[in-house]
Amino acid sequence: MRTLLILLFGCMLAVMACTEGKETDAKDATPADSAALRVAVTPTLDCLPLFVAEASGLLQSEGLDASLLTYTAHMDCDTAVARRAVDGTFTDLVRAERLRRQGVPLQYVASTNLSWQLLSARSARIRQLRQLDDKMVAMTRYSATALLADRAVDSAKLKSERVFRIQVNDVGLRLSMLETGTIDALLLPEPQASQARNARAHVMFDTRQMNLRLGALVFRDDAMRDSVRHQQIRRLLSVYDQACDSINDHGLSYYRDLIVSRCGVKSTAADSLPQNIRFDHAEVPRQSDIDVALDWLKKQ
């Protein structure tokens with residue numbers, strides 16, 4: 001029965017992959033010589049500084065012509081930046097380093113507070129990592145979530161082949177699968193993790209307690225070298241820092257409605273966000289975090 005269920009998941013996700021590809025192709029129609037600085041974002045809390053900058057008019061006040069293109073999966077962001085449909089993207093260090101290995105020249109401009117929680121569905125009755133044996137965990141291949149899934153398996157001393165990693169790229173779909181009880185466990189960022197906790201999902205680990213900062217904002221190397229684009233990126237980072245200060249000063253609750261609209265979560269999820277989340281000014285990722293990503297990729 002477990003094997004049949006996994007096969008059914010595979011068929012469903014294959015259809016989803018085709019749909020995601022079509023969406024990416026449509027977005028890739030953006031002219032390469034567009035005057036606007038194009039940044040790929042996802043409906044996750046790490047992108048909040050740019051959501052705030054856009055909604056508050058900070059971008060306009062700096063005279064910055066910038067477009068935020070929303071994708072529901074980091075895989076689509078990868079495709080967009082590789083095809084030069086965007087100049088930069090929010091991503092994780094595993095994905096960024098894999099793109100670099102594939103010949104996509106990227107430069108880090110900021111480490112973000114993207115974090116993940118490994119959660120189990122209430123119906124699965126999983127409370128400890130060792131109980132993931134013969135269970136399905138939703139994640140994305142060649143990403144920070146895959147790295148974290150491996151860490152969970154290793155720390156519980158489980159046989160890798162006994163924990164079924166199910167690739168679900170769309171973060172909203174991943175959350176929906178947990179809420180409907182069609183997945184045993186999964187890795188979610190905020191604010192989707194808060195909505196899952198409200199549905200009484202059990203938290204098995206949180207990367208904020210692991211001294212890992214695997215989120216990043218990257219730009220293509222050719223954009224960084226272009227004089228016009230480089231100035232745009234510098235102004236964007238200035239606006240980013242201002243937005244971080246505003247979020248830290250006012251608190252996440254001040255931007256509740258913006259989080260709901262841009263991240264596609266319930267208002268109760270926005271209300272349940274940990275209030276100690278802070279946003280740091282743009283600084284390149286720590287080498288120790290990049291090394292974690294590189295070491296994992298070498299083993300794949």
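Which charged end sits over the ring of tyrosine 142? The charged end of arginine 98 does, at 3.8 Å from the ring centre. A charge is said to sit over a ring if NZ of Lys or CZ of Arg is within 6 Å of the ring centre and within 35 degrees of the ring normal.

Before going on, a word on the model. It is a predicted one, in which local features need pLDDT of at least 70 and side-chain atom pairs count only at pLDDT 80 or more, while totals for chains, interfaces and linings use all residues. Residues are numbered from 1 along each chain as its sequence is written, and side-chain values use heavy atoms, with hydrogens and water left out.

First, the overall picture. The protein has 13 helices and ten strands. Helices (H or I, at least four residues) and strands (E, at least two) are DSSP runs, numbered from the N terminus. Of the 300 residues, 53% are buried. Buried means under 20% relative accessible area, exposed means over 50%, and partly exposed is in between, using a 1.4 Å probe and protein chains only. Among contacts with a separation of 6 or more, 80% are between residues 24 or more positions apart. A contact here means heavy atoms within 4.5 Å.

Now to the sheets. Two strands count as paired if DSSP finds at least two bridges between them. Strand β4 and strand β10 (residues 215-220) run antiparallel and are joined by six bridges. Within that pairing, serine 111 stands opposite alanine 216 of β10.

Glutamate 62 is in the loop between α3 (58-61) and β2. Is glutamate 62 buried, exposed or partly exposed? Its relative accessible area is 30%, so glutamate 62 counts as partly exposed. Leaving aside neighbours within four places in sequence, glutamate 62 contacts Arg235, Val239 and Gln242.

Next, another sheet. This open sheet of five strands has the order β7-β6-β8-β5-β9, again with mixed pairing. Its edges are β7 (163-167) and β9 (202-206); each has a single partner strand, so one side of each has no neighbour in the sheet. From one strand to the next, the twist averages 25°.

Strand β6 (residues 135-139) pairs with β7 in the parallel sense, over five bridges. Methionine 136 is opposite phenylalanine 164 of β7, and methionine 139 has glutamine 167 as its bridge partner. Four of the five residues of β6 are buried.

Which strands does α6 lie across? They are β5 (117-120), β6, β7, β8 (185-188) and β9, and α6 runs at about 170° to β7. Helix α6 (residues 144-155) has twelve residues and spans 16 Å from its first C-alpha to its last, close to the 16 Å expected at 1.5 Å a residue. That expected span is 1.5 Å times one less than the number of residues. The buried residues of α6 are Ala144, Thr145, Ala146, Leu147, Leu148, Ala149, Ala152 and Val153. After α6 comes lysine 157, with a positive phi near 55°.

Some backbone details remain. Arginine 84, in the loop between α4 (74-82) and β3, has a positive phi near 65°. Arginine 125 is in the loop between β5 and β6, and its phi is positive too, at about 55°. With 69% relative accessibility, arginine 125 counts as exposed. A cis peptide bond, with omega about 5°, joins glutamate 190 and proline 191. Proline 191 is in the loop between β8 and α8 (192-198).

Methods:
Axes are lines fitted to C-alpha atoms, for helices over the stretch in contact, and angles run from 0 to 180 degrees between N-to-C directions.
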